[in-house]
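Colleague: I am new to this structure and would like to go through it by question and answer. Please show it before we start.

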Amino acid sequence: MFYGYLPMILDGLRVTLSVASVSLGVASVFGMLGALAKLSASPVLRGIATIYTTVVRSLPDLLLMLIVFYGGQILLNRVAEARGWGYVDINAFAAGTLTLGFVFGAYLTETFRGAILAIPRGQIEAGHACGLSGWQVVWHIMLPQMIRHAIPGFTNNWLVMLKATALVSIIGLDDMVHRAGLASAATRAPFTFYALTGLIYLAVTTISILVLTAIERRYSRGVRREATR
Amino acid sequence: MINWSIVIETLPAFWHGLQITLLLLVISISSGLLLSIPLSVARASANPWIRTPVWLYTYVIRGTPLLVQLFVLYYGLPQFDSVRESALWPLFRSPWFCAWLAFTLNTTAYTTEMFAGAIRSTPAGEIEAARAMGLTRFQVFRDVFWPGAWRRALPQYGNEVVQMMHATALASTVTIVEILRVARDVYTNYLVVPESFGMAAVLYLMLTVILTQGFRLLERHYLRHLDPKASRTQAPPKGKQHIADA
């Protein structure tokens, strides 16, 4: 049915998923740093974080990706030339995951900031008053609640980012979409392969939603559910 | 740092690209808005036979990347002889038609869900009151239901329009020469980043600012009743106190 190209496409799924999960890790780091900067007392840090989230969210992902890919390449080669390393080729995987992480870090900044703010100060004070150490307060009081508040935003960002990984094919990463293009060219059946790619994305999205809903339920135990309309 | 002669030389191309980007945005957003109004009503319907097909459509579209949707339409459909031999072939052969169709299908799915959420949160009392006053079903929809739902959905809708503007950059992958395609061509010709992608970034930033400010004005107009400052009434003058008491 797929002219024997199914294993190749599924191997592309592996690339897509690793791009998505590495990007998620990078985005979480950027998001956490951004949230801490936005909540910090320093106006400089707050300013930098605000510029970061505003500019990144005002530009198309694809443009940012091309800027990092080509701009990074030129910058890196200028440095390499000065140091006498010779020509350096920027890795498409690194460029792709770095850009996706950088872009979605800006969105996660808002998610994490909201999650930190949603924890009542009194609970943290109460924790200290009960004799918990700083680390215990973070581990037993802040983190479990932060996860609960951050999960809906996190789920959304993961789903949007998963779909954004399709863009890495444009900068030459050998992901599912790129392989669908190769298989189409070889078999002259582009609909079959692009539709297959779409269905695989849909399956991954569905699984993600199911898993993240289960996690959210796990962390919302003991919280009264508001009446849903 | 910046080679201004390249900037001046490529300015006409960027100007043209900007117009193409705006054109793509306007045609997709307007058809998406028109389609999503009836679809959102269907999506919020109590009848599962009406609700479920619309849900399936939005679920599939929202669960797949726009790039893949665009490729399925533009590169994929010509696989079928029936498409190539049909009367619609001149349309499906055109990148413009495919980009418009893909963007419209995409934005319609997101907007439908947004409006359906706003419709579901309509207080039942508003509808009952309107029906009790003898308004017809259509009048209820036009004068009571929709204005409220539109107001509730407006802030989100503004975000969707900005995201759609960013999504038009994908049209560069199907040979449409919009801002990003111009930037990529400038990069290929001169191998410079600030004058190519930097210039595109400036243009997208400008468009984003204009769109968000425009929606802020719309929100100020439509959501005036939620602005505490606007609802502040002046204290009645002393002499006319009895009118307020009456």
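**Salt bridges, folds and a pocket**

Modeller: To begin with one contact, Arg179(A) and Asp174(A) form a salt bridge, with 2.9 Å between the closest N and O atoms. Keep in mind that this is a predicted model.

Colleague: Which residues are linked with Asp174(A) and Arg179(A) in a network of salt bridges?

Modeller: The pair Arg179(A) and Asp174(A) is joined by a salt bridge. The network that holds Asp174(A) and Arg179(A) also includes Asp11(A) and Arg14(A).

Colleague: How many helical turns separate Arg121(A) and Glu125(A)?

Modeller: The side chains of Arg121(A) and Glu125(A) meet in a salt bridge at 3.6 Å, N to O. Arg121(A) is exposed, with a relative accessible area of 63%, and Glu125(A) is partly exposed at 45%. Both lie in helix 5 (residues 121–129) of chain A, and because they are four residues apart, the separation is about one helical turn.

Colleague: Which helices of chain B does the salt bridge between Glu113(B) and Arg43(B) link?

Modeller: Glu113(B) forms a salt bridge with Arg43(B), the closest N and O atoms being 2.6 Å apart. The two residues are 70 residues apart, and the pair links distant parts of the chain: helix 6 (residues 95–120) and helix 1 (residues 4–43) of chain B.

Colleague: What is the relative accessible area of Arg43(B)?

Modeller: Glu113(B) is buried, with a relative accessible area of 16%. Arg43(B) is buried as well. The value for Arg43(B) is 12%.

Colleague: How many salt bridges are there over all chains?

Modeller: The count takes a side-chain nitrogen of Lys or Arg within 4 Å of a carboxyl oxygen of Asp or Glu. Over all chains, the count by this rule is ten.

Colleague: How many helices and strands does chain A have?

Modeller: From the N terminus on, the elements of chain A run α-α-α-α-α-α-α-α. Of its 229 residues, 45% count as buried. The tally for chain A is eight helices and zero strands.

Colleague: How far apart in space are Ala106(A) and Gly12(A)?

Modeller: Ala106(A) lies in helix 4 (residues 92–117) of chain A and counts as buried at 0% relative accessibility. In sequence, Ala106(A) and Gly12(A) are 94 residues apart. In space, C-alpha to C-alpha, the distance between Ala106(A) and Gly12(A) is 27 Å.

Colleague: Which residues form a nonpolar patch on the surface, with about 320 Å² of accessible area together?

Modeller: One of them is in helix 8 (residues 190–219) of chain A, namely Tyr219(A). Tyr219(A) is partly exposed, with a relative accessible area of 32%, and patches take residues over 30%. The patch is formed by Ile207(A), Val211(A), Ile215(A) and Tyr219(A).

Colleague: Which element gives the largest share of the lining of the second largest pocket?

Modeller: The second largest pocket holds about 360 Å³ of space. Helix 7 (124–132) and helix 8 (137–167) of chain B each give two or more residues to its lining. By class, the lining has seven nonpolar, one polar and two charged residues. The largest share, four residues, comes from helix 8 of chain B.

Key. Residues are numbered from 1 along each chain as its sequence is written. Chains are lettered from A and ligands numbered from 1 in the order in which they are written. This is a predicted model: local features need pLDDT of at least 70, side-chain atom pairs count only at pLDDT 80 or more; totals for chains, interfaces and linings use all residues. Side-chain values use heavy atoms; hydrogens and water are left out. On a 1 Å grid over the protein atoms alone, a cavity is a set of points where a 1.4 Å probe fits but cannot get out, and a pocket is an open set with protein on both sides within 12 Å along at least five of seven lines; lining residues have an atom within 4 Å of a point. Grid points are joined across faces, edges and corners, and a volume is the space filled by probe spheres set on the points. Ala, Val, Leu, Ile, Met, Phe, Trp, Tyr, Cys and Pro count as nonpolar, Asp, Glu, Lys and Arg as charged, and the others, Gly among them, as polar. Patches are made of residues with over 30% relative accessible area and no salt bridge: like charges are joined within 9 Å, nonpolar side chains (Val, Leu, Ile, Met, Phe, Trp, Tyr) within 5 Å. Accessible areas come from the Shrake-Rupley method with a 1.4 Å probe; for residues, only the protein chains shown count as cover. Buried means under 20% relative accessible area, exposed over 50%, partly exposed in between (1.4 Å probe, protein chains only).
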